[in-house]
Every structure is written in C-alpha cells, then in structure tokens.
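This report goes through one protein model, from its overall make-up to a few single residues. The sequence and structure come first.

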Amino acid sequence: MYAVFQEWLNLLVRWVHVIAAIMWIGDSFLFMWLDSHLTAPSRPREGDVTGELWMTHSGGFYEVVKRKSLAQGEMPATLHWFKWESYTTWISGFLLLVIVFHLNGASLLIDPSVYPLTAAQATAISLGILPLAYGLYELLWKTPLAKNNRVFAAVGLVLITGLAFGLTRVFSARGAFLQVGATLGTIMAANVFFRIIPAQRHMLAMTREGKPVDTSYGLRAKGRSIQNHYLTLPVLFTMLSNHFPSTYGNSMPWLVLGLLFIVGAGLKYAMNFRARTPPVMWAGTALALLGVMVLTRPPPDPALEQYAGKPPVKFEQVATVMQTRCATCHAARPSSPMFAAPPQGVILDTPDAIRTHADRVFVRAVATKTMPLANLTGMTDEERALVGAWFAQGGEVPEGAKMPEFAAPPVIAPAPAAVAAATRAAPNMADVPESARTYFATVCSTCHGAKGAGDGAVAAALNPRPRDFSDKAWQQSVTDEALRKIILEGGAAVGKSPVMPPNPPLAEDAQTLDGLVKLIRAFGA
C-alpha cells in the first residue's frame with residue numbers, strides 16, 4: 001500500500017512541478033523577448049518610459065509600455081506580480097527530490113560502485129549542497145564579477161562543472177545530474193524570493209512615500225533575472241536527463257553536463273537575439289554540441305572489441321542473469337515495489353522478450369552500465385561480461401528456450417572481497433563450509449548485506465526490508481527447519497514477502513543449505 005501511495009504522491013507532485021515550471025519558464029521567455037524587442041517611444045509619453053511594443057494575439061492587439069519606475073500618481077489599482085510560478089516550481093521540485101531521491105533509502109542517489117554512502121549520508125549531502133551553493137553564489141555577487149555578465153557566466157560554468165565532477169564521485173551519475181539541476185533551481189528560486197521581488201517592493205515603497213525612486217534596485221534585480229533566464233534550458237535538461245542514459249552513462253558525465261550547459265545557454269542567446277547573434281556564439285554552441293556527441297557516442301563496436309574470443313555463452317546463463325537482475329522490475333508483473341508495471345514497457349522475463357530487446361540490454365547493462373537502476377539488484381561485472389559475450393556471439397535464443405523457474409544468479413565466482421566480508425562477518429565461522437560463504441556472498445548479500453544486517457545494495461528499494469540476521473529476538477523465534485524451508489522455497493511458501501526468491505538447486509546440496517543456516521545463526525551470535 002505504501003508503494004502505491006508513494007507512486008501517486010510522485011505523480012501528483014511531478015504534475016504540479018511540470019505545470020509550474022512551464023509557467024515560470026514561459027514568463028522568463030516572454031519578458032526577455034519583450035525587453036529585446038522594445039523600441040523607442042513613437043510619441044511623447046508621460047512618466048519614465050523606456051520603450052514600447054505592439055503585439056497581436058487571440059484576435060486582438062496589445063500595446064506594451066515599459067516604465068523604469070513609477071511616480072506616486074501613476075500607481076495602478078492592480079499590479080500583477082510574477083512570483084508564484086517560481087515558488088511553486090521550487091516547492092514541488094524539493095518535494096520531488098525528497099520523494100524520489102531521499103526516500104527508499106536514497107537508493108537512486110547511491111551507487112556503491114562509485115562510493116559506499118549510507119542513506120543518511122547521501123541525503124545530508126544532497127540537502128546540504130542547496131544552501132551552500134546559494135551562499136557561494138551570493139558571495140560571487142559581492143565581487144567585481146557582478147559587473148561583467150560574461151566573466152560571471154564563465155566562472156559560473158567552471159563552478160557548475162566542478163560541482164558535477166564532485167557529485168559524480170559520490171552519487172550515481174543519474175542522481176548527480178538531477179542534483180545539479182535541483183541546486184541551480186534553488187539558486188534561481190532564491191533569486192526571485194530574496195532579491196528580485198524585494199527589490200521591486202522597495203521601489204514601490206519609495207513611490208508610495210513620494211520619494212525619488214532608486215532605480216539601481218531594479219537594475220540589480222534585472223541582472224538576477226537575466227542569469228535565471230539563461231539557466232532555464234540547462235536546468236530543464238537536468239530535469240529530463242534521467243531519460244537519456246547516454247548523457248550520464250559514460251566515463252566523463254560531468255564534462256557532458258558542462259558542455260550541455262553551454263549548448264543550452266547558447267541556444268537561449270540565439271532565441272533572444274536571432275540574426276544579431278555573433279558568430280562566436282554560434283561557433284561555441286556548435287562546438288559544445290559536437291563535444292557532447294563525441295563523448296556520448298558508442299564505441300565503434302564494443303561487443304566485438306571487448307568480448308570477441310570469450311568462451312561460448314549459453315542462453316540459459318543469460319536468462320538466469322535476466323531473471324535475477326532485470327526481471328525484478330522488467331516483468332509483466334514486477335516483484336519490485338518500486339514499479340507497478342515494467343519501466344517503459346520493457347519486459348525481460350521471456351526468451352522472446354530478451355531476443356527483442358537484446359540490443360537495448362547490451363547498451364544499458366553492458367556498454368553504459370546504467371541498468372539496473374542505480375544497480376539496485378547488484379549486477380556484477382562478471383554478469384555484465386557474460387551478457388556482453390553472449391551478445392557478441394550473436395545473441396542467439398534457441399527455439400523452445402525457457403526461462404529458469406527460480407531467481408538465482410548464475411554460478412559465477414564472487415569477488416574475493418565479498419567472500420572475505422562474509423567470512424569475517426561473524427565470530428562463529430569455523431564450521432561454516434566455504435560453499436555456503438560463497439553462495440551467501442554471491443546470492444544473498446545483494447539483499448541481506450555482507451554482514452547479514454539487511455543492508456544490501458537492493459535493500460533500500462524493498463518493502464518490507466530484508467531480514468536483519470543480527471536481531472536476537474528473531475533468531476530465537478525461528479527454527480533451523482523454518483530457515484531451510486524459506487531458503488529453499490522462498491518467502492511466499494511461508495507467508496512472507498514473495499520478493500524473497502526460492503533456491504531450488506540447494507535441494508540437491510545439503511551441505512551448502514545447512515551451511516547457510518549455520519551462517520545465519522552466526523550472524524546473530
């Protein structure tokens with residue numbers, strides 16, 4: 001029930017966020033366009049008029065007049081403000097950041113292969129960056145950089161790219177891109193709340209009091225507004241980036257993001273000034289786009305280059321990997337509580353489906369390693385190499401092939417560190433056979449963690465969470481026979497979570513099965 005509630009909450013907040021962002025960005029585009037198309041007054045006008053503009057729309061004609069300031073007698077009865085679009089975008093965006101990236105144990109931010117963060121650490125870093133980045137931005141405005149927009153933009157680009165570089169060293173690349181967008185969105189909204197709106201209120205207060213209006217407030221607010229404007233397209237990209245793994249699924253995602261910021265700002269400049277855009281702006285934008293294309297291009301033929309000459313791989317081996325690492329989400333009825341339906345409609349729980357999506361599986365799981373999502377199911381490099389070799393060998397699916405009837409990974413030797421972790425995890429290991437330690441490190445630790453604490457790579461996404469074997473009260477409540485049954489037959493067989501898969505091969509391997517029971521007992525010692 002919680003997963004369904006969270007999905008609906010995600011949908012509603014995301015809907016509000018997109019609508020508000022459209023309105024905010026639309027306002028930014030409109031007012032920048034107005035400013036760039038104002039002409040000198042065509043006739044004498046009262047007041048501090050700086051330009052005028054005529055437009056036609058919806059069967060009518062609009063006359064727009066811009067005043068630098070207002071006199072006391074010019075105060076309108078109704079003055080329309082443009083601020084709630086910004087506030088609503090940030091509030092809904094912040095809620096999305098919490099719902100999507102901080103809940104579920106921050107599983108979409110954390111990539112253990114990048115840096116072994118805890119959920120609390122990932123959330124603290126994510127939240128802490130927001131005020132720190134805005135504080136640094138405000139400090140830059142107190143330097144001489146504020147007097148030169150181009151130099152400010154250059155320094156800002158370096159800092160943004162540096163932030164992306166740092167975040168990709170602690171978060172998943174996908175999460176890092178969204179975090180950069182959230183950080184810049186926070187700066188943009190803070191500009192509106194702390195600088196632009198207060199400046200306008202100050203000028204109006206002076207008007208009401210009949211005092212000379214200090215228009216420098218308006219000029220500073222305009223500077224903030226211009227910077228917000230040129231960040232719109234880059235930030236919009238970060239909102240969409242999770243749908244395009246080729247941008248973050250490469251060796252230098254931080255550089256790709258920096259170049260895409262140049263492309264976004266360059267396109268916005270061209271949209272504003274069109275034919276007046278200088279050649280250097282066109283050239284810089286084109287070169288940045290070319291750089292993105294080069295960085296995100298697939299290798300010439302990675303399958304042949306990296307996997308040619310590997311030992312023959314049977315489809316049954318690949319099917320087991322798909323069933324274990326992919327079909328948790330990509331099944332007709334996903335067992336993962338994160339998804340009520342297979343993401344993007346991709347199903348990988350039948351031989352025909354694997355044949356159909358073989359190219360896509362190779363790109364996402366092998367070439368870019370962007371799937372499984374945040375590697376929640378703990379897909380190993382050995383398993384990726386297995387799929388890559390199968391694809392390089394033609395990706396054949398024999399007629400009549402069937403999927404395995406259980407979700408256990410292929411027999412691949414785990415990394416020595418994983419076995420060592422399982423070996424050191426508890427003091428009473430002397431009578432635990434090596435086969436049980438290896439099986440636990442290979443199969444069980446993905447959910448239950450190397451030390452049996454229920455903190456494996458996929459644990460954050462599971463509801464209920466995997467059992468913590470160090471819980472002494474639980475240890476006393478369960479018999480050895482009950483442990484054997486759940487290991488062999490899965491959670492559903494004993495009225496527990498069906499996410500706990502069965503392990504039928506152990507029915508023929510009593511030594512390893514009994515060893516797993518001893519290992520579980522050792523974790524609670």
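## Overall make-up

Helices (H or I, at least four residues) and strands (E, at least two) are DSSP runs, numbered from the N terminus. By that count the protein has 19 helices and two strands. The model is predicted, so local features need pLDDT of at least 70 and side-chain atom pairs count only at pLDDT 80 or more, while totals for chains, interfaces and linings use all residues. Residues are numbered from 1 along each chain as its sequence is written, and side-chain values use heavy atoms, with hydrogens and water left out.

Of the 525 residues in the protein, 45% are buried; buried means under 20% relative accessible area, exposed over 50%, and partly exposed in between (1.4 Å probe, protein chains only). The accessible surface comes to about 27,400 Å², and carbon and sulfur atoms hold 64% of that surface. These areas come from the Shrake-Rupley method with a 1.4 Å probe; for residues, only the protein chains shown count as cover. Among contacts (heavy atoms within 4.5 Å) with a separation of 6 or more, 64% join residues 24 or more positions apart.

## Helices H4 and H5

Two packed helices are described by the angle between their axes and the distance between the axes. For H4 (residues 149-167) and H5 (residues 173-208), the axes come within 9 Å and cross at roughly 140°. H4 is therefore oblique to H5. Axes are lines fitted to C-alpha atoms, for helices over the stretch in contact, and angles run from 0 to 180 degrees between N-to-C directions. Angles under 35 degrees count as roughly parallel, over 145 as roughly antiparallel, 65 to 115 as roughly perpendicular, and the rest as oblique.

On the H4 side, Ile-160, Leu-163, Ala-164 and Leu-167 meet Ala-176, Gln-179, Val-180, Thr-183 and Leu-184 of H5. Seven of the residues in this contact are nonpolar, two are polar and none is charged. Here Ala, Val, Leu, Ile, Met, Phe, Trp, Tyr, Cys and Pro count as nonpolar, Asp, Glu, Lys and Arg as charged, and the others, Gly among them, as polar.

## Loop residues

Ser-58 lies in the loop between strands S1 (48-57) and S2 (60-69). Its phi is near 55°, a positive value in a residue other than glycine, and Ser-58 is exposed at a relative accessible area of 64%. Arg-274, in the loop between helices H8 (253-273) and H9 (279-296), also is not a glycine and has a positive phi of about 50°. Arg-274 is exposed, at 55%.

The peptide bond from Met-371 to Pro-372 is cis, with omega near 0°. Pro-372 sits in the loop between H13 (358-367) and H14 (381-392).
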